[in-house]
Amino acid sequence: MIAFLVAGTASGVGKTTVSLALMAALRQRGFAVQPFKCGPDFLDASHHSAICGRASRNLDGWMLDLHANRGIFDSACRDAQVAVVEGMMGLFDGVAGGGEEGSSGEMAKRLGLPVVLVLDASTSARSIAAVVKGFETFDPELRFAGVVLNGVAGESHYRMLEAAIVSSCKLPILGWLPRNSELAIPERHLGLHGAAEQENSPEKLEERLKAWAAFAEANLDLDSILRNRDCAYLPDQPVQPAVPAEAPLVVSGEKIRLGVARDQAFSFYYEDNFDLLREFGAELVEFSPLTGSFPENLDALYFGGGYPELHAQRLSENRTLLAAVRSFASAGRPIYAECGGMMYLAQTLTNVEGETFPMAAVLPLAVQMTRRLVHFGYAEAEFTLDCLLGRKGTRMRGHSFHCSQAALTGELDTAYRVRFSLSGREENEGYSRGCVLASYIHLHFRANPQAARAFLEHALHGRKASALRTQEFAG
């Protein structure tokens with residue numbers, strides 16, 4: 001198998017552009033391409049999945065240990081011919097300035113992957129060689145496949161850059177990309193528009209795939225990557241499952257029916273969270289809070305993050321579904337919600353223009369959108385109460401990234417003590433009432449698989465309790 005990591009010298013240099021172009025071109029050549037994203041990013045991963053036709057997986061050196069990352073990588077690559085990993089921020093940027101923890105460079109070394117380094121060359125001349133030289137020598141343990149120059153003005157500009165790099169650096173140039181506004185992905189307050197917001201008919205997907213592939217074939221040296229012996233991936237240890245084998249909660253009989261809110265308003269999920277829930281016995285039942293109805297015979301609900309603020313009116317107008325969610329919570333059935341999902345469970349959601357929309361009113365919260373990020377970065381949560389995801393004292397790792405604030409409108413317990421890695425700030429979070437747990441923190445269940453198991457145990461308990469109530473009523 002061929003495998004490599006696409007990294008940048010900084011954020012915004014074109015990692016996603018190069019990654020998507022390479023993925024598309026390799027898929028068009030007939031390869032089964034498995035995409036990955038370093039770090040807690042849902043949006044880039046959604047575009048990977050659309051281009052490759054298979055779910056992109058998140059790798060993370062801070063949220064997950066080496067065993068979990070290797071398990072995710074090796075398991076996803078079992079039937080792939082090429083693995084393309086898109087890095088996060090700059091190659092050496094992690095959780096702190098004094099070490100590599102959480103960085104793309106750390107991940108490349110842990111998985112034994114060579115790096116395709118992307119540079120923004122739009123305003124550079126000879127000085128670009130100093131940047132390349134610095135990156136190729138900064139960490140002697142890293143291996144590089146070569147460099148890609150992005151934003152090049154034209155052939156003459158490229159020749160100048162090429163002469164500078166060739167005269168001073170060892171890394172080969174794998175190609176250069178001109179600006180291409182037709183392939184640019186729009187951005188907003190939380191990053192790129194998600195793939196779900198694009199026209200995703202088979203014809204449109206094929207059109208996008210061909211456009212990205214043609215862009216790569218015209219400007220990048222794919223053959224050099226495919227021939228590079230450093231890109232041949234051979235695990236240095238036997239492939240291990242992403243989580244130690246453990247018996248599912250349901251061995252025979254009906255699986256645990258877990259309703260998953262998934263549409264343009266709710267699309268921020270780690271694919272491995274879904275896999276882990278399935279491993280423990282869940283059957284995922286997707287539904288749309290925007291336009292859909294409430295699925296039958298559910299044992300639990302899972303609301304991920306997303307952009308409910310962009311669809312607040314439509315969410316509010318689907319009163320039948322809002323009432324069904326309230327009724328489900330009132331019956332003591334488990335609901336887990338993250339960020340946008342928590343906003344949906346609130347009483348009201350107010351956008352930046354000051355318009356207020358009624359939401360599900362499961363929790364006494366009023367959410368106000370803000371024009372700036374409130375919390376950004378990794379976060380560690382310790383459970384201060386027994387809750388839906390585990391016992392008091394349980395520790396989980398996740399990520400926070402939101403432009404809103406939630407204010408209490410009534411009494412509500414908090415089940416987390418959260419420490420934010422960037423600021424060092426600590427606060428109580430994780431709003432808990434009955435079998436409902438909601439938080440701004442996006443948790444990765446592979447950080448502590450027992451959280452997924454605890455969630456489904458509550459679902460099974462709720463199913464049994466509901467069956468007993470039905471029997472009592474019938475009797």
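In this predicted model, Gly175 is in contact with Val147, Val148, Leu149, Asn219 and Leu220, when neighbours within four places in sequence are left aside. Gly175 itself belongs to strand β7, which spans residues 173–177. With a relative accessible area of 10%, Gly175 falls under the 20% limit and is therefore classed as buried. The C-alpha atoms of Gly175 and Asn150 are 8.7 Å apart in space, although 25 residues separate Gly175 from Asn150 in sequence.

Among contacts joining residues at least 6 apart in sequence, 74% connect residues at least 24 apart. The protein chain comprises 475 residues, of which 55% are buried, and contains 13 helices and 25 strands. Its accessible surface amounts to about 20100 Å², with carbon and sulfur atoms contributing 49% of that area.

The largest nonpolar core consists of 72 residues, and the members that touch the most others are Tyr344, Leu345 and Phe445. Helix α13 (residues 450–474) supplies the largest share of this core, namely 6 residues. Another core, of 51 residues, lies apart from the largest one and includes Phe42, Met63, Ile165 and Trp176. The surroundings of Phe445 were listed without counting residues up to four places away in sequence: Phe445 touches Asn273, Leu276, Leu277, Tyr302, Tyr336, Leu389, Met396, Ala451 and Ala452. Two of these partners, Ala451 and Ala452, are numbered within the range of helix α13, residues 450–474.

Aromatic rings were searched for over the whole structure, and 23 aromatic pairs were found. One of them is formed by Phe42 and Phe268, which are stacked with their centres 5.2 Å apart and an angle of 5 degrees between the planes. Phe42 is located in the loop between β2 (33–38) and α2 (43–52), whereas Phe268 is part of strand β11 (residues 266–268); the pair therefore ties together parts of the chain that are 226 residues apart in sequence. Both Phe42 and Phe268 are buried. Elsewhere, ring pairs link Phe266, Phe287, Phe294, Phe303, Phe328 and Tyr344 into a cluster.

Strand β22 (residues 413–420) pairs with strand β23 (residues 426–433) in the antiparallel sense, over 6 bridges. Within this pairing, Arg417 has Asn428 of β23 as its bridge partner. The two strands form a hairpin with 5 residues between them, and Gly424 in the turn has a positive phi of about 75 degrees. Strand β23 is in turn joined to strand β24 (residues 436–439) by 3 bridges, and these strands also run antiparallel. Here the bridge partner of Tyr431 is Ala438 in β24. A hairpin is again formed, by β23 and β24, with 2 residues between the strands. Its turn contains Gly434, for which phi is positive at about 60 degrees. Strand β23 accordingly takes part in the pairing with β22 and in the pairing with β24.

Technical notes. Residues are numbered from 1 along each chain as its sequence is written. This is a predicted model: local features need pLDDT of at least 70, side-chain atom pairs count only at pLDDT 80 or more; totals for chains, interfaces and linings use all residues. Side-chain values use heavy atoms; hydrogens and water are left out. Rings of Phe, Tyr and Trp (its six-membered ring) pair if their centres lie within 6.5 Å; planes under 30 degrees apart count as stacked, over 60 as edge-to-face and the rest as tilted. Helices (H or I, at least four residues) and strands (E, at least two) are DSSP runs, numbered from the N terminus. Buried means under 20% relative accessible area, exposed over 50%, partly exposed in between (1.4 Å probe, protein chains only). Contact means heavy atoms within 4.5 Å. A nonpolar core is a set of buried Ala, Val, Leu, Ile, Met, Phe, Trp, Tyr and Cys residues joined through side-chain atoms within 4.5 Å. Two strands pair if DSSP finds at least two bridges between them. Accessible areas come from the Shrake-Rupley method with a 1.4 Å probe; for residues, only the protein chains shown count as cover.
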